[in-house]
Amino acid sequence: MRQSQNNRRFYWLPLLCVIWTIPASAQWTTVWTPDSAPAPSSGEGHLGQGSHKSNTNRPPCTEWDEYEREWKKIYDPENQGCCVHPITGDELVTEHAENADLTEVAENLGYCRDGVAGVTFCYNGSKVSTLCPYGQSFHPAIQQCIQEHENTHVDDQNTTCTNCDTKKSKGSAEDKIDGECTAYEKTLRCLLTPSVMLSDVPEEELEFVWNETMRGAEYFCNKDNFPFL
Ligand SMILES: [Zn+2]
């Protein structure tokens with residue numbers, strides 16, 4: 001199932017920056033859609049004429065509660081994530097990250113393209129990271145180093161996700177490049193840290209990953225301050 005090294009080589013580099021090039025809207029394709037309760041229209045029931053509670057001003061993901069006389073969320077913020085598609089305004093409810101299979105989410109969102117090992121992306125307004133199936137095809141010790149790279153992106157304060165309505169990760173191009181450098185450095189250090197697990201990685205696989213990670217580091221890092229160059 002693994003591709004030849006030559007083929008895989010081509011894919012390694014873009015793997016970890018994929019997040020920054022994916023449209024934010026794509027993040028919303030793996031959600032389930034609740035049956036949204038119909039909102040009362042103006043003039044309906046005892047709201048009567050002049051009511052402000054019309055379909056057009058119904059806040060997203062809410063229904064009108066006659067008793068409380070207020071718009072109530074039709075999803076449970078305690079147990080679910082976000083609700084509104086930032087572009088289309090469609091009502092879509094996501095799971096909380098801890099309840100979601102993030103690999104599956106990433107796959108459904110199109111992040112796990114052929115050869116992509118791991119991704120960091122916005123989900124419910126927060127950064128999350130996961131391995132893609134390709135990344136999971138590596139030795140567990142390698143997987144851990146890929147995950148450390150992604151975790152570096154998650155921890156990077158210079159790139160942020162905001163609320164559900166503005167889900168695109170924000171950060172300057174410079175910060176993103178710096179972030180990749182830091183993340184690749186993290187991967188290299190991980191690969192250099194002696195461990196029983198790492199010593200178990202087939203030499204060929206370790207060499208492949210090392211070389212590709214170095215390529216990433218060389219691409220994103222300033223040669224003056226990168227310790228491995
Ligand atoms: Zn990266």
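This is a predicted model: local features need pLDDT of at least 70, side-chain atom pairs count only at pLDDT 80 or more; totals for chains, interfaces and linings use all residues.

Q: In what order do they come along the sequence?
A: Reading along the sequence, the pattern is α-β-β-α-β-β-α-α-α-α-α.

Q: And what share of the residues is buried?
A: Of the 229 residues in the protein, 30% are buried. As for contacts, among those with a separation of 6 or more, 62% are between residues 24 or more positions apart.

Q: Let's turn to α5 and α7; at what angle do they pack?
A: Helix α5, residues 173-192, and helix α7, residues 203-220, pack at an angle of about 150 degrees, and their axes are 8 Å apart. Because angles over 145 degrees count as roughly antiparallel, α5 is roughly antiparallel to α7. The crossing of α5 past α7 is left-handed.

Q: Which residues meet there?
A: From α5 the contact includes Ile177, Cys181, Tyr184, Leu188 and Leu191, and on the α7 side the residues include Val209, Trp210, Ala217 and Phe220. The residues of this contact of α5 with α7 divide into nine nonpolar, three polar and two charged.

Q: Moving on to α4, how far does it reach from end to end?
A: Helix α4 covers residues 140-155, which is 16 residues, and spans 22 Å from its first C-alpha to its last, close to the 22 Å expected at 1.5 Å a residue.

Q: Which of its residues are buried, and what covers them?
A: The buried residues in α4 are Ala141, Ile142, Cys145, Ile146, His149, Glu150, Thr152 and His153. The elements that cover them include strands β3 and β4 as well as helices α3, α5, α6 and α7.

Q: Last topic: where is histidine 96?
A: Histidine 96 lies in the loop between β2, residues 70-73, and α2, residues 102-108.

Q: Is it buried, exposed or partly exposed, and why?
A: Histidine 96 counts as partly exposed because it has 15 C-beta neighbours inside 10 Å, whereas a buried residue needs 20 or more.

Q: What does histidine 96 touch?
A: Leaving aside residues up to four places away in sequence, histidine 96 touches Asn79, Gln80, Gly81 and Asn124. Asparagine 79 is 17 residues from histidine 96 in sequence, and their C-alpha atoms are 6.7 Å apart in space.

Terms used
Residues are numbered from 1 along each chain as its sequence is written. Helices (H or I, at least four residues) and strands (E, at least two) are DSSP runs, numbered from the N terminus. A residue is buried if 20 or more other C-beta atoms lie within 10 Å of its own, exposed if 12 or fewer, and partly exposed in between; C-beta atoms are placed from the backbone. Two residues are in contact if their C-beta atoms, placed from the backbone, lie within 7 Å. Axes are lines fitted to C-alpha atoms, for helices over the stretch in contact, and angles run from 0 to 180 degrees between N-to-C directions. Angles under 35 degrees count as roughly parallel, over 145 as roughly antiparallel, 65 to 115 as roughly perpendicular and the rest as oblique. A crossing is left-handed if the near helix is turned anticlockwise from the far one by less than a right angle, and right-handed if clockwise. Ala, Val, Leu, Ile, Met, Phe, Trp, Tyr, Cys and Pro count as nonpolar, Asp, Glu, Lys and Arg as charged, and the others, Gly among them, as polar. The expected span of a helix is 1.5 Å times one less than its number of residues.
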